[in-house]
Amino acid sequence: MTTPEDEARRRDAADPGHRDLFHIPPAQGGRYAETAYLAGNSLGLQPRATRAELVEELDAWATLGVEGHLEAGRPWLPYHEFLTQPAARLVGALPTETVVMNSLTVNLHLLMVSFYRPAGDRIRIVIEDSAFPSDSYAVRSQARFHGLDPDTTVVRLRPRPGADTLHTEDVLDYLDREGDRVALVLLGGVNYLTGELMDIPTITRAGHAVGALVGWDLAHAAGNVPLALHDWDVDFAAWCSYKYLNSGPGALAGAFIHERHLADPAIQRFEGWWSTDPATRFEMTPHSRPLPTADAWQISNPPILAMGPVRTSLEIFDKVGMAALRERSCRLTGYLAGLLDEITPNRPLRVVTPADPDRRGCQLSLRIADPGNRAASGQGSAAELSRRLRHEYGVVADAREPDVVRLAPVPLYSTYHDCWRAVDALAQLVAEDAR
Ligand SMILES: *Cc1c(COP(=O)(O)O)cnc(C)c1O
């Protein structure tokens, strides 16, 4: 008789990913050697090639010193340009629209300097109520920077009563009603908490129709779902590369600025010596002469040691291709969703991520009913549940207190067996809880 575990193994044999390209952390509990790592939405795993890439730059620095700017195997002066094409391919952008620099929230601020220009009655910034805290703080501080009251300037869109996630129609309805007061719509492409994939082209079009600008935070979308930022006419976007892009803790971020804004002299920007045309950078003149590309949004000379891991990671995405990754992702997450459906009825756990594969990436979010009561009675909150998953079963999921546990099978390295282990462990913990 084949067991569900055998079935998971059979699927892995038939539909392998690229696990051998990554270091899989050893398990800290349970009966398997490796963790079932389902937290790549929080920090992606280390590609095996990353160490050599870092050592190569350290060696260049050790042997060349300052001459490495021109003479390193990959010269440091133009180093960021080596990342531009693969990053552009990943998000469906032109290379001129794309730059890898800074961190995500820093990029959001720099892009809001250009694209949040409140004037007259048009001052509002629309975000989702389940926005990542950093995004909430960023937009509120931008409002204050412009002398505005963040409580009335920032609009937080909530799901309709009874719904777990924001519907595209909820955003469109708001824009219909209040659009002439909206300066900027800034939403997560894939919501970090619920795992919902927003309809980026439809919302972008609706924002433009009412005269607003539309930017996207793609922290949970880049490397997770196919994107076509140029064709979707997105004004700007930013994403980090330590989640699905596996470039290491605190890794550099990306930024996208649509072509139509690149040469617009009305657009404001904070500049530094890396904003200017590289051909004249070392003429040390008092005035910058930026080229009409996203590179003009750079300020400082970039951290080469931090760029190597991004380059290595983007090479993997180029090799495998986002379309193939998305196909495996839909199979893997569909399988996980099916297993969860078997254990969640009549249980205190509920999947809040949309069931439609077109409305989600790889992550499924589980909500625990009534976590306050359960924590009070010594039973699991989200943090307690994920702690037990890790220490008793070797399953790494991540918790967002008070009540959400996120499971993200990452198509590059996660397996069907990882999914089976997670659900098997959840089923045991929940059954124990019910006793
Ligand atoms: C992960 C994440 C961030 C993190 O911001 P950093 O500037 O990289 O620290 C911000 N926004 C969203 C939506 C995220 O998911």
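This is a predicted model: local features need pLDDT of at least 70, side-chain atom pairs count only at pLDDT 80 or more; totals for chains, interfaces and linings use all residues.
I started with the charges: the mean positions of the protein's 43 positive and 57 negative charges lie 4 Å apart. I counted Lys and Arg as positive and Asp and Glu as negative, leaving out His and the chain ends, and I placed each charge at NZ of Lys, CZ of Arg, CG of Asp or CD of Glu.

Residues are numbered from 1 along each chain as its sequence is written, and side-chain values use heavy atoms, without hydrogens and water.

Next I looked up the overall shape. Along the principal axes, the C-alpha atoms fill a box of roughly 75 × 60 × 35 Å.

Then I went to Lys-243. UniProt, in an unreviewed entry, lists Lys-243 as "modified residue: N6-(pyridoxal phosphate)lysine"; such annotations may be inferred rather than shown by experiment. I found Lys-243 in the loop between strand 7 (236–240) and strand 8 (253–257) (strands are DSSP runs of E, at least two residues, numbered from the N terminus). Lys-243 counts as buried because its relative accessibility is 7% (buried means under 20% relative accessible area, 1.4 Å probe, protein chains only). Leaving aside neighbours within four places in sequence, I see Lys-243 in contact (heavy atoms within 4.5 Å) with Gly-40, Asn-41, Ser-42, Leu-43, Gly-44, Ala-219 and His-220.

Notes: Helices (H or I, at least four residues) and strands (E, at least two) are DSSP runs, numbered from the N terminus. Buried means under 20% relative accessible area, exposed over 50%, partly exposed in between (1.4 Å probe, protein chains only).
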